[in-house]
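Q: I'd like to learn how to read a structure like this one. Could you walk me through it?

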Amino acid sequence: MNNNEFELFVLRFGKDILRFCRMTAGDAETGDELYQDTMLKLLEKMNKLDFTQNTKSYALSTSIFLWKNKRKKYAIRQRLVPIDSMDEMSDEGREISDYEHETSPEQIVLRQNEVDMVQRLVASLPEKYRVPIYLYYSANMQISEISNILGLPDGTVKSRMRKAKKLLKEELEAIGYDR
C-alpha cells in the first residue's frame, strides 16, 4: 500500500473505525487515542498491506488487539481484572440522527435519554457479545467480516449477536421500555 492508497483508505473507512474505537473505549478521548494508535500501527505496516485486501477488517482487528492489550496493562497496574465502567459515553462519541422531524425540545431530550439508555445497556454486555454488536452496528461490517476479525465461525458470531439482542430486549422489558 502506498501513501495515496492509505489516504483513500482513511477517507473511506476512517469514520467507521473511529466510531468503533470510541464505542469500544467508552469515551471520545480514549477512543481517539485508540484510533490514533490503530492508524500508527497501520502506517508502520503500510508497505506490507495490500489495498485490494479487506484492510478495514485488518484495521478493526488491530484496534481490538490494541484495546485488549491496553486493558491488560491497566488491569495489571491497578491489580484489577475489569476496566473502568463504560457507562458514560461522551457527547462526541454519540451519533444523533433523525432529529430534523422532531420539533419540541421535550421530544429531543426523551430521544436522547433512550439513546443513552441503550448505549449503557450495550456497554454493560459481556465483551463477547458487545464487540460483535459494535462491529455490526457502528463499523457497518458484515457477519463474515466480523467472524474473520474475531477468528470465529460465522455461526458463532450470529449466535452471539442473537444472544446479545435477547439480553438487551430482556433488560429493556425489565425496566419497562415498551417500544
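Predicted model: local features only at pLDDT ≥ 70, side-chain atom pairs only at ≥ 80, totals over all residues.

Q: Which helices and strands does the protein have?
A: There are 7 helices and 0 strands. Going along the sequence, the pattern reads α-α-α-α-α-α-α.

Q: What describes two packed helices?
A: Two packed helices are described by the angle between their axes and the distance between the axes. Now take a case from this model: helix α4 (residues 105–123) and helix α7 (residues 154–174) have axes that come within 10 Å and cross at roughly 130°.

Q: Which residues meet where α4 and α7 touch?
A: On the α4 side you'll find M117, L121 and V122, and they meet L168, E171 and L172 in α7. Sorted by class, this contact has 5 nonpolar, no polar and 1 charged residues.

Q: At what angle do α5 and α6 pack?
A: Helix α5 (residues 127–137) and helix α6 (residues 143–150) pack at about 135°, and their axes are 10 Å apart. These two are therefore oblique to each other, and their crossing is right-handed.

Q: Which residues of α5 and α6 meet?
A: From α5 come V131, P132, L135 and Y136, which meet I143, I146, I149 and L150 in α6. By class, that contact has 8 nonpolar, no polar and no charged residues.

Q: Where do nonpolar side chains tend to be in soluble globular proteins?
A: They tend to be buried together. In this model, the largest nonpolar core has 40 residues, and those with the most contacts inside it are F9, I17, L60 and L135. The elements that give two or more residues to this core are α1 (3–25), α2 (28–44), α3 (55–78), α4, α5, α6 and α7. The largest share, 8 residues, comes from α1.

Q: What is L60 in contact with?
A: Setting aside neighbours within four places in sequence, L60 is in contact with I17, F20, L135, A139, M141 and I149.

Q: Is S63 buried or exposed?
A: S63 is buried, because its relative accessible area is 1% and buried means under 20%. You can find S63 in helix α3. Not counting residues up to four places away in sequence, S63 touches F20, C21, L34 and T38.

Q: How many of the residues count as buried?
A: Of the 179 residues of the protein, 39% do.

Q: What share of the contacts joins residues 24 or more positions apart?
A: Among contacts with a separation of 6 or more, residues 24 or more positions apart account for 66%.

How values were computed:
Residues numbered from 1 in each chain as written. Heavy atoms only, no water. Axes fitted to C-alpha atoms, helices over the stretch in contact; angles between N-to-C directions. Helix = DSSP H or I, 4+ residues; strand = E, 2+ residues; numbered from the N terminus. Contact = heavy atoms within 4.5 Å. Nonpolar A, V, L, I, M, F, W, Y, C, P; charged D, E, K, R; others polar. Parallel < 35°, antiparallel > 145°, perpendicular 65-115°, else oblique. Left-handed = near helix turned anticlockwise from the far one by under 90°. Core = buried A, V, L, I, M, F, W, Y, C linked by side-chain atoms within 4.5 Å. Buried < 20%, exposed > 50% of the residue type's maximum accessible area, 1.4 Å probe, protein only.
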